[in-house]
Amino acid sequence: MNSRHSAWRTRSDELNTVDELLANNRAWAREMLGNDPEFFSRLAAQQEPQFLWIGCSDSRVPANQITGLQPGNVFVHRNVANLVPGEDLNSHSVIQYAVEALKVRHIIVCGHYGCGGVLAALRGERVGLVDYWLTGIRALRDREQAALDALPDEASRHARLCELNVIEQVFNLSRTLVVKRAWDSGQPLHLHGLIYDVADGLLQDLGIAAGNATEAGANCAAARERLTGSG
Ligand code: ZN
C-alpha cells in the first residue's frame, strides 16, 4: 500500500468517514439500478412528490427512512424544532414551491419526542442564535403554562410541549397565504400533524388532519383542548 496514502488516511478519521459515505453511495446507486434500471433516468426527468414534510433537523428523524418513502416521493424541509414562523423566508419558499409548482397533496408537520429545541424553549435556556429561532415555542410555553405546570415532571412537560408545538405549526400553516390560496382555488391539499418517538421508531397521528381552514381551526382547537384540558 502506498505509504503516503495510508498516512493520509490515518491522519483524519473525518476523511475516512467521507470515503465511507462515497462508497456507501456507490453501493446504493448500484442496488437501486439492480432493482429498477430506469430509476434514476425517470427521476432525472421530473419529480412528482405527493408529500411535503416539515420536520426537525434532528439526525434521528429522517423523513424518507421512517416513512419508507423513496427518492422522488417527498419534498423535505427540516429546521430546528419543525417550525413554520411567519417571518421565515426559507420555510415559506419551500411551502410555496411545494404547493404551487409541485402541487403536493399533503403537508406533514412532524415533531418528535425528545426534541432539543423544544427542551431549550421549555427551560428558557439561552444558547445563542437559536434563541431567536425558538421565540415562538417560548411564547407557546408561556400561553400553556398552567397546563404544563399541572404535569408531574419535566419529561411530561417536554413531551406535551412537543405535541402542542406540532398543533401550533399546523394551525400556522393553515393560515398562510399559500395554503389559503390553494384551498380557495379548490386545489386538494391536506395538512397533517404527526409526532415521532425516537425511543421506539413509531409515528403517531395527532388527529388534526384538515382539508380546509375551518377544519384546521376546529381540529387544532380540539386537539389542544384534549392535551391541555382547557378550551
Ligand atoms: Zn428536534
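1. Thr-67 lies in helix 4 (residues 63–67). Helices here are DSSP runs of H or I with at least four residues, strands are runs of E with at least two, and both are numbered from the N terminus. Thr-67 counts as partly exposed because it has 16 C-beta neighbours inside 10 Å. A residue is buried if 20 or more other C-beta atoms lie within 10 Å of its own, exposed if 12 or fewer, and partly exposed in between, with C-beta atoms placed from the backbone. From Thr-67 to Arg-160 the separation is 93 residues in sequence and 23 Å in space, C-alpha to C-alpha.

2. This is a predicted model, in which local features need pLDDT of at least 70, side-chain atom pairs count only at pLDDT 80 or more, and totals for chains, interfaces and linings use all residues. Residues are numbered from 1 along each chain as its sequence is written.

3. The protein as a whole has 12 helices and 5 strands. Its C-alpha trace spans about 70 × 45 × 30 Å along the principal axes. Of the 231 residues, 30% are buried. Among contacts with a separation of 6 or more, 65% join residues 24 or more positions apart; a contact means that two C-beta atoms, placed from the backbone, lie within 7 Å.

4. Helix 8 (residues 135–143) and helix 10 (residues 154–174) have axes that come within 10 Å and cross at roughly 110°. The axes are lines fitted to C-alpha atoms over the stretch in contact, and angles run from 0 to 180 degrees between N-to-C directions. The two helices are therefore roughly perpendicular to each other, the term for angles of 65 to 115 degrees.

5. Which residues make the contact between these helices? Helix 8 supplies Ile-137, Leu-140 and Arg-141, while helix 10 supplies Leu-161, Leu-164, Asn-165 and Glu-168. By type, the contact residues divide into 4 nonpolar, 1 polar and 2 charged. Here Ala, Val, Leu, Ile, Met, Phe, Trp, Tyr, Cys and Pro count as nonpolar, Asp, Glu, Lys and Arg as charged, and the others, Gly among them, as polar.

6. The buried residues of helix 8 are Gly-136, Ile-137, Leu-140 and Arg-141. They lie on the same side of helix 8 because they cover an arc of only 140° around the axis, taken from the directions from the helix axis to the C-beta atoms. Ala-139 and Asp-142 are exposed on the other side of helix 8. The cover over the buried residues of helix 8 includes helix 6 (116–123), helix 9 (145–149) and helix 10.

Methods. Parallel < 35°, antiparallel > 145°, perpendicular 65-115°, else oblique.
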